[in-house]
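Work through the following exercises with the sequence and the model side by side. Try each task before reading its solution.

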Amino acid sequence: MRVRSTGAADQPKPSAEIEALYRDFESAMLVPLWTEIGDLMPLHPISSALPHLWRWRNLLPVAEKAGELVPVGRGGERRAIALANPGLGGRPFATPTLWAAIQFLNPGEDAPVHRHTQHAFRFVVEGEGVWTVVDGDPVAMRRGDFLPQAGWNWHGHRNFSDRPMAWIDGLDIPFQHHIGSTFFEFGSETAETDEAPPTSRAERLWGHPGLRPLTHLRPTSATPLLAYRWEHTNRALSEQLALEAEGYAATVAPGHAAVRYTNPTTGGDVLPTVRTEFHRLAPDTGTASRQEAGSSVFQVFEGTGEVTVGDASWTVERGDLFVVPSWQPFSASTEHGLDLFRFSDAPIFEQLHLDRRSVS
Ligand SMILES: [Fe+2]
């Protein structure tokens with residue numbers, strides 16, 4: 001640790017006594033506010049995280065190579081390869097609060113059962129054949145499906161198919177790491193099921209729009225529904241655009257359909273710390289530029305477009321992932337249509353009354 005005398009106008013005049021005082025601070029593990037205030041109390045959020053893009057065409061080959069070289073099993077637990085934001089010191093953190101990783105499972109492989117306090121989800125941009133088993137309930141994973149899994153539920157994965165499968169894991173690992181809330185327990189070495197049903201027990205109980213089982217009337221902090229299927233998401237977005245074309249209010253902006261995945265017991269976010277949404281931009285649509293306190297990770301599900309995050313702009317295509325750090329302006333546009341999956345730490349900011357946004 002180092003307390004520096006800068007000699008700037010708002011700082012004490014450099015002198016031998018000031019230097020001696022600062023060395024005394026250092027040896028006593030003390031830091032004065034006046035040398036740090038610009039960094040600690042900026043006029044608006046200045047995230048250490050940087051806007052960054054990971055191309056799916058680069059991610060998938062390295063995940064496949066890891067599938068050849070790296071066993072999956074107890075200890076490593078998952079063949080998951082995390083996005084490391086270049087502003088976050090080489091840690092496997094996409095943003096200061098969010099983890100995003102590509103996970104890869106070969107035919108017949110099991111990712112062992114464990115549980116942890118971190119809240120998690122899976123999102124599938126392509127492929128099928130893996131069942132995620134949550135508290136003994138096998139849940140099929142297919143393209144476009146969103147599969148949330150609240151903290152402290154036992155879970156493992158099994159690839160029942162004859163083909164490898166890759167998907168995206170999102171978790172609040174960095175957030176829970178920073179605040180020191182993580183607990184972890186090992187479970188069985190296998191996914192503990194030979195069942196591969198097309199419909200999970202969670203979906204049979206909860207997957208009927210607007211219908212709530214009378215056995216489960218209490219609100220829960222995370223969703224009990226373990227899969228949100230692509231056919232429902234796709235239909236909801238298509239119908240918003242169709243209603244807009246018919247002259248009804250249904251979209252967040254012209255040509256911009258959007259849905260939030262919600263907990264059917266509360267109508268709020270699916271997980272206490274992570275918000276997940278799906279956005280569809282119709283052809284020849286552009287969004288306003290938006291700043292939000294809090295960070296997001298996006299994955300392109302389908303289509304192509306231009307995205308701008310702060311000073312960075314990219315042409316994106318299927319599977320590409322990019323980060324929007326706190327308060328960095330974000331906008332997107334597309335000529336042929338663009339489907340975007342998004343996850344963010346918005347529930348944390350809202351619970352703490354720190355959420356702010358600006359649209360221009
Ligand atoms: Fe896990």
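**Exercise 1.** Is Leu 243 buried, partly exposed or exposed?

*Solution.* This is a predicted model, in which local features need pLDDT of at least 70 and side-chain atom pairs count only at pLDDT 80 or more, while totals for chains, interfaces and linings use all residues. Residues are numbered from 1 along each chain as its sequence is written, and side-chain values use heavy atoms, with hydrogens and water left out. To begin, find Leu 243 in helix α6, which covers residues 230-245; helices (H or I, at least four residues) and strands (E, at least two) are DSSP runs, numbered from the N terminus. Next, recall that buried means under 20% relative accessible area, exposed over 50%, and partly exposed in between, with a 1.4 Å probe and protein chains only. Leu 243 has a relative accessibility of 35%, and therefore counts as partly exposed. Finally, when neighbours within four places in sequence are set aside, Leu 243 is in contact (heavy atoms within 4.5 Å) with Tyr 248 and Ala 250.

**Exercise 2.** Identify the protein donors of the iron ion and describe their spacing in sequence.

*Solution.* Donors are N, O and S atoms within 2.8 Å of the metal (3.2 Å for Na, K and Ca), and since water is not among the atoms, sites may look incomplete. The protein donors here are the NE2 atoms of His 114, His 116 and His 155, at 2.1 to 2.2 Å from the iron ion. Written along the sequence, the donor residues follow the spacing H-x1-H-x38-H.

**Exercise 3.** Examine the phi angles of Asp 135 and Trp 327, and say where each residue sits.

*Solution.* Most residues other than glycine have a negative phi. Asp 135, however, has a positive phi near 50 degrees, and it lies in the loop between β6 (130-134) and β7 (137-140). Trp 327 also has a positive phi, of about 70 degrees, and its place is in the loop between β19 (321-324) and β20 (330-334). Their accessibilities can then be set side by side: Asp 135 is partly exposed at 43%, whereas Trp 327 is buried at 18%.

**Exercise 4.** Describe how strands β17 and β18 are arranged.

*Solution.* Two strands pair if DSSP finds at least two bridges between them. Strand β17 (residues 305-309) runs antiparallel to β18 and is joined to it by five bridges, one of which has Val 307 with Trp 314 as its partner in β18. The two strands form a hairpin with two residues between them, and Gly 310 in the turn has a positive phi of about 60 degrees. Looking then at the faces of β18 (residues 312-316), one finds Ala 312, Trp 314 and Val 316 on the covered face, and Ser 313 and Thr 315 on the uncovered one.

**Exercise 5.** Classify the ring pair formed by Phe 341 and Phe 343.

*Solution.* Rings of Phe, Tyr and Trp (its six-membered ring) pair if their centres lie within 6.5 Å; planes under 30 degrees apart count as stacked, over 60 as edge-to-face and the rest as tilted. The structure holds 23 aromatic pairs. For Phe 341 and Phe 343 the ring centres are 6.3 Å apart and the planes are at 40 degrees, so this pair is tilted. Both Phe 341 and Phe 343 are buried.
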